[in-house]
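Please keep the sequence and the structure in view while reading.

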Amino acid sequence: MQKLTIFHLYPDAMNLYGDLGNITTLIRRMHERAIDVDLLDIKRGDKADFKYADIVFMGGGQDRGQKAIAGDLSKRGKEIKSEIEKGLVALTICGGFQLFGKYFKTSEGEMIEGISVFDAYTVGSDKRCIGNIVIDTSEQKWSSNSRTLVGFENHSGLTHLEGNTRPLGKVVIGYGNTGEKKYEGAVYKNAYGTYLHGPVLPKNPHFTYHLILSALRRLYGNSASLKKIDDSIEVAAHEAAVARAKTAKTVHI
């Protein structure tokens, strides 16, 4: 039996807007394909050897949550980056996304250091981007017919990408990383950052598929594949969420 190990970083401090649902979705979709799963919750001070991780997940958190875990995350940064260079799969949401960048400068001017997985930095603003968001991921080379991701954004931090870090997608509806309606998220190797809450994976089964397949191929080789399952309900939910986003009003406070 195939087996994957998920490291869930700071579930006690970084779990806004139902981000825990991403873990539930990963586990469920793996079990549906007869993939065994080990889930390790990594909290401040816990020992963790990232060479045993196949997927790393970190959700969103308010500024105080980010401050609380930033020092602990920094101690793990070198090891995490080393494994990502070797193809480790990572999904980071909102505050997690920001701390996987170089730094987050709050609207009060306080600097919270990140671990620089992404060549990106975040600056807090006095405006908040709220609403449904749809992005076009056509430039991602995923084995899927779907070319969109849908979710819900709620952030005042504005994230700017540099260097070799690419956007996850182009904004179709919503505000995205910088509030300028241009691009959203970040990609470096198999590491992904995004502001899409919702949580993102239940609404986007093809993204879940891609993450699991990437982890399998890193562990078992490029010949690894995923068993086909009936995901018609999930696909219909994705399409309905996209349609609903097109009729909903985004808010920029």
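The points below take the aromatic pairs and then the strand pairing, and they rest on a predicted model.

**Aromatic pairs**

- The count comes to eight aromatic pairs, and the rings of Trp 142 and Tyr 192 form an edge-to-face pair because their planes stand at 70°, over the 60 degrees required, with the centres 6.2 Å apart.
- Trp 142 lies in the loop between strand S7 (120-136) and strand S8 (148-161), whereas Tyr 192 belongs to strand S12 (residues 191-194), so this pair ties together parts that are 50 residues apart in sequence.
- Trp 142 is buried, with a relative accessible area of 7%, and Tyr 192 is likewise buried, at 3% relative accessibility.
- The rings of Trp 142 and Phe 207 have their centres 5.1 Å apart and their planes at 15°, so that pair is stacked.
- Phe 207 sits in helix H5 (residues 205-220), 65 residues from Trp 142, and the pair thus links distant parts of the chain; both residues are buried.
- Elsewhere, ring pairs join Phe 97, Phe 100, Phe 118 and Tyr 195 into a cluster.

**Strand pairing around S7**

- Strand S5 (residues 103-105) runs parallel to S7 and is joined to S7 by three bridges, with Tyr 103 opposite Tyr 121 of S7.
- S7 pairs with S8 in the antiparallel sense over 13 bridges, and Val 123 stands opposite Leu 158 in S8.
- S7 also pairs with strand S9 (residues 169-173), in the antiparallel sense and over three bridges, where Val 171 in S9 is the bridge partner of Ile 135.

Definitions and conventions: Residues numbered from 1 in each chain as written. Predicted model: local features only at pLDDT ≥ 70, side-chain atom pairs only at ≥ 80, totals over all residues. Heavy atoms only, no water. Phe/Tyr/Trp six-rings, centres within 6.5 Å; stacked < 30°, edge-to-face > 60°. Helix = DSSP H or I, 4+ residues; strand = E, 2+ residues; numbered from the N terminus. Buried < 20%, exposed > 50% of the residue type's maximum accessible area, 1.4 Å probe, protein only. Pairing = 2+ DSSP bridges.
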